[in-house]
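Thanks for coming. I will go through one structure this morning, from the overall size down to single residues. Please have a look at the screen first.

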Amino acid sequence: MSSVQVAVVTGSNKGIGLAIVRALCKQFQGDVYLTARDPGRGQAAVAQLQDEGLRPLFHQLDIDDLQSIRALRDFLKEKYGGLDVLVNNAGIAFKVNDTTPFAIQAEVTLKTNFFGTKNVCTELLPLIKPYGRVVNVSSMVSSSALGRCSQELQKKFRSDTITEDELVQLMNKFVEDTKNNVHEKEGWPNTAYGVSKIGVTVLSRIQARLLNEKRKGDHILLNACCPGWVRTDMAGPQATKSPDEGAETPVYLALLPSNADAPHGQFVSNKTVKTW
Ligand code: NAP
């Protein structure tokens, strides 16, 4: 088994994920895995970084596919005996002018952004080693969407005692409510992406709390963040930040020094903790 440290970035064949891998290759003392659901796109991205003189490694990972997640888990367990840095970056968003029915957009968006991310956490968090760092890439849109939820939903999403099961039930209820076209009546905002990212931010708060309860003394730090508005296929060319600039906050959280005890369980934007 290798004693080398290891970092994994999900959805890193392009966009912010690729930029996070680039930065980690330069700054992280250990192996850095670029992962992609499509091995062809993944290997092409690895080749691009190799042309820049960097040495990322590759592993396939489709966060929508439990078998794929478990194959990565088993690989990491066997080769490294765990994982030091996990960046949950993979995500999707329908374009504003997409005509796909809202209920389908809700189901598809939640499937990857919330349920896929949650499944990666379920399988990989138990592997995180002491002093490990976990970064869940959410969005400021999670905050604005939270503000547009009913008071009752806001209270639940801000609760310090909400469980993962309760959060899963709420995310499933949103999808069901869109199918029955009652989501607005039920207090949800009219944004599937926003609700999926509320899920990611709240999930991060829950996971940080569980780490405090179950692994106190392991010094693991887990946070959600917003990369900013970044020029990628998702956000388009008008966005204000380059992918490398978008990677700054996620990389800052991934490389928090071993003597740091904060931030933990926070929502971070521009390297600053934001009130949830
Ligand atoms: P992007 O350029 O569209 O890249 C998204 C990445 O996620 C791609 O590599 C994509 O792979 C991957 N992905 C999608 N579904 C996946 C799955 N099921 N399994 C594995 N990988 C999957 O988007 P981006 O702008 O870099 O976004 C990265 C993250 O930042 C997302 O979580 C996004 O919500 C968040 N974010 C972005 C912005 C922004 O302004 N860009 C702002 C706030 C938050 P394929 O190439 O195979 O599709």
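Let me start with size. A compact globule of 276 residues would have a radius of gyration near 19 Å, and this chain has 18 Å, so the two agree. That radius is taken over C-alpha atoms, and the globule rule is 2.2 Å times the number of residues to the power 0.38. Along the principal axes, the C-alpha atoms fill a box of roughly 55 × 40 × 35 Å.

Now the ground rules. This is a predicted model, in which local features need pLDDT of at least 70 and side-chain atom pairs count only at pLDDT 80 or more, while totals for chains, interfaces and linings use all residues. Residues are numbered from 1 along each chain as its sequence is written, and side-chain values use heavy atoms, with hydrogens and water left out.

Next, the fold. The chain has ten helices and eight strands; these are DSSP runs numbered from the N terminus, helices being H or I with at least four residues and strands E with at least two. Eight strands form an open sheet with mixed pairing, in the order β3-β2-β1-β4-β5-β6-β7-β8. Two strands pair if DSSP finds at least two bridges between them. At the edges are β3 (57–60) and β8 (272–274), each pairing on one side only.

Inside the sheet, β4 (residues 83–88) runs parallel to β5 (residues 128–137), and five bridges join them.

What surrounds the ligand? There are 29 residues around it, and the closest are R37, N89, Y193, V230 and T232; a residue counts if one of its heavy atoms lies within 4 Å. For polar contacts, we want pairs of N or O atoms within 3.5 Å. R37 places a polar side-chain atom 2.7 Å from a ligand oxygen atom. D62 has a polar side-chain atom 3.0 Å from a ligand nitrogen atom. With V230, a polar backbone atom is 2.8 Å from an oxygen atom of the ligand.

Finally, two details of the backbone. The peptide bond from A262 to P263 is cis, with omega near -5°, and P263 sits in the loop between α10 (248–254) and β7 (267–269). H219 is a residue other than glycine with a positive phi, near 60°. You will find H219 in the loop between α8 (192–214) and β6 (221–226).

Conventions: Polar contact = N/O pair within 3.5 Å; in protein donor to acceptor, adjacent residues only side chain to side chain.
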